[in-house]
Amino acid sequence: MAAELTTTKLNAESHLLLEQPLLRLPHELARKNFKTVQKHVERENKDILSALKTTANAAFTGHDSSQTLSNLDNMINRMQGLKRKMVNLHNEEKILHQHSRRRIQHLQDLYEIPSLADVKYDEWSRVRLNRLLVDYLLRCGYGESARALAKEKGIEELVDLDVFVQCHRVEESLRRGSTKECLAWCAEHKPMMKKTDSRLEFELRMQQYIELRRNGQVVEARQHARKYLTQHANTYPKEVNRAAGLLAYPPDTQVQEYNMLYSPARWDFLATLFVQTHHELFSLPARPLLHIALSAGLSALKTPSCHSKHASSTANASSTTTSVCPICSTELNELARKLPYAHHTKSYVENDPVVLPNGRVYGRDRLLEMSAKVGLDPGHVKDPTTSHLYPASDIRKVYIS
């Protein structure tokens, strides 16, 4: 019993390695929400206390009472505006806590399953598969399809629809040649970006500078550089110097260093940099979770024979509808080619192994028994995978070393 509990705990811990983003993102969003509340309160507190002090002094010195009342009305309006913001942020926080509770319960359900052979684990796995599919659709930009799938399966609280939809919207705006949406996103997340030393905002300002120079607005480009680029001269000296040199080169220059700055490919670079920054800030993996899970599964099944020259190329062996090794199938063989082999500390080779001329290894007793069942004479054997026939004298004994 103790061994079963230990195994269950280890399985749960292994699953948590894949499920970390499930809990991290609501935590990061809640922290961002708290920082926003703190910023609003500190700003309004400072401004209102200052205005209150000024108004009180004016009232004591006998100034016009109507002006004093007007100032008080303005302060009341500001406080009411702050209250509305706090209510909205509080509602967002309640939603985040609700999502966190649902996700923790989802992982608790896994921990309480006594065995992987339990039918409850199959149900839990189907929920996780749907989550991974929604995550993959969101990363590929299919927001509506992801939303429909999440709603159909009832897992809206287990997936991050709004976060990825916003990310894709900003990414697409960059690919269309607009920095406005991304700069607004940077302003909203500026405190978080400072902690990670992100260069995204600098690259966006550099692109604005490039576009001004491309359009022949040299004066505006210089003003833009003084305002946004020169302050980063110590952090990015090479890039700032290159920006200064860009004033001497027109958009049709053949000098590679400056031609690359004018290249439309920079918009794709900015879009990729934004996605990387976004995922880093919110503790999201760079690769889709479906790829991570699939890679782990393929690696666990992969052996050296899966990509050997003796691997069968027959239609039977290349189909995933048969009982052959999935890695040897046409659909998955190439995907698993660069993955590491499975690490096996215990051998599962059959007793008295023999090898056929095509390189396949079977237990002698099982091979002879199966050949006899299909009516072959004792002098021949049949490969159960490829159905090829071989003389019994051609089989060779295998020694494990």
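Helices here are DSSP runs of H or I with at least four residues, numbered from the N terminus. This is a predicted model, in which local features need pLDDT of at least 70 and side-chain atom pairs count only at pLDDT 80 or more, while totals for chains, interfaces and linings use all residues. Residues are numbered from 1 along each chain as its sequence is written, and side-chain values use heavy atoms, leaving out hydrogens and water.

**Stop one: Asp160**

Select Asp160, in the loop that links helix H4 (143-153) to helix H5 (161-175). Asp160 counts as buried because its relative accessibility is 15%, where buried means under 20% relative accessible area with a 1.4 Å probe, protein chains only. Now show Leu25, Arg103 and Leu138: these are in contact with Asp160 once its neighbours within four places in sequence are set aside (contact means heavy atoms within 4.5 Å). Zoom in on Arg103, whose side chain makes a polar contact of 2.7 Å with that of Asp160. Such a contact is a pair of N or O atoms within 3.5 Å, and within protein one must be able to donate a hydrogen and the other to accept it; residues adjacent in sequence count only if both atoms are side-chain atoms.

**Stop two: H2 and H3**

Next, colour helix H2 (residues 65-111) and helix H3 (residues 119-139). From H2, pick His106, Leu107, Asp109 and Leu110, which meet Tyr121, Trp124, Val127 and Arg131 of H3.

**Stop three: Leu110**

Finish on Leu110 in helix H2, which is buried at a relative accessible area of 7%.

Definitions and conventions: Helices (H or I, at least four residues) and strands (E, at least two) are DSSP runs, numbered from the N terminus. Buried means under 20% relative accessible area, exposed over 50%, partly exposed in between (1.4 Å probe, protein chains only).
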